[in-house]
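Let's walk through this model together, one question at a time.

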Amino acid sequence: MDRKLIELYESGGGRLQRSISRLSSEDLLWVPPPDAQIGLWSIQQIVIHLMDSDLIGTNRMKSIIAEDHPTILGYDENKFAASLFYEVQNAESAIGLLDLNRKQFAKVLRKLPDSTFERTGMHSERGIITLGRCLQQRVEHLDHHLDFVFKKREKLGKPPKD
């Protein structure tokens, strides 16, 4: 288990916050045309999706830590986005929740012995998954969506400033 993964996980909220800095509400809600090939969701939808996914992901990791080979249920992210009013939720609040959740749970992850990261659960769609792989997926998932945020910002003519 590469413990640097915990640091990357913990810093995700700050990275997400920086990715939307200086964007207006209109920018956050802008939906790219389907032919833009930068995803179909608005930046706002991405942010709320990341919060939802992170809270679910943390619950999954907690189950793997605390239970013996728990069942990990999949979910349909598109149904969440379509049914949970992502457009009226607050992006800043969602990032705050994601950030606080990650910082809090990183304290737990740091206390675990390396062997715990080999504990497994049974994902209802993907099969056996380890705690270490769940953690890695959280980091990769954020990076995947940040790429889309940056592409959308470029399309809006508002690239992030370093």
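Q: Which residue in β2 is the bridge partner of Ile72?
A: This is a predicted model, in which local features need pLDDT of at least 70 and side-chain atom pairs count only at pLDDT 80 or more, while totals for chains, interfaces and linings use all residues. Residues are numbered from 1 along each chain as its sequence is written, and side-chain values use heavy atoms, with hydrogens and water left out. Strands are DSSP runs of E with at least two residues, and helices are runs of H or I with at least four, numbered from the N terminus. Strand β1 (residues 71-72) is joined to β2 by two bridges, the two running parallel, and in β2 the partner of Ile72 is His123.

Q: Which residue of β3 is the bridge partner of His123?
A: Four bridges link β2 to strand β3 (residues 127-130), and these strands run antiparallel. They form a hairpin with three residues between them. Thr120 stands opposite Thr130 in β3, while the partner of His123 is Gly127.

Q: Which residues make up the covered face of β2?
A: In a regular strand the side chains alternate between the two faces of the sheet. Strand β2 (residues 120-123) has an uncovered face with Thr120 and Met122, and a covered one with Gly121 and His123.

Q: How many of the 24 residues of α4 are buried?
A: Helix α4 (residues 43-66) reaches 34 Å from its first C-alpha to its last, close to the 34 Å expected at 1.5 Å a residue; the expected span is 1.5 Å times one less than the number of residues. Buried means under 20% relative accessible area, exposed over 50% and partly exposed in between, with a 1.4 Å probe and protein chains only. The helix is mostly covered, and its buried residues number 18.

Q: Are α4 and α7 roughly parallel or roughly antiparallel to each other?
A: The axes of α4 and helix α7 (residues 131-156) come within 10 Å and cross at roughly 175°. Axes are lines fitted to C-alpha atoms, for helices over the stretch in contact (heavy atoms within 4.5 Å), and angles run from 0 to 180 degrees between N-to-C directions. Angles under 35 degrees count as roughly parallel, over 145 as roughly antiparallel, 65 to 115 as roughly perpendicular and the rest as oblique. The two helices are therefore roughly antiparallel.

Key
Two strands pair if DSSP finds at least two bridges between them.
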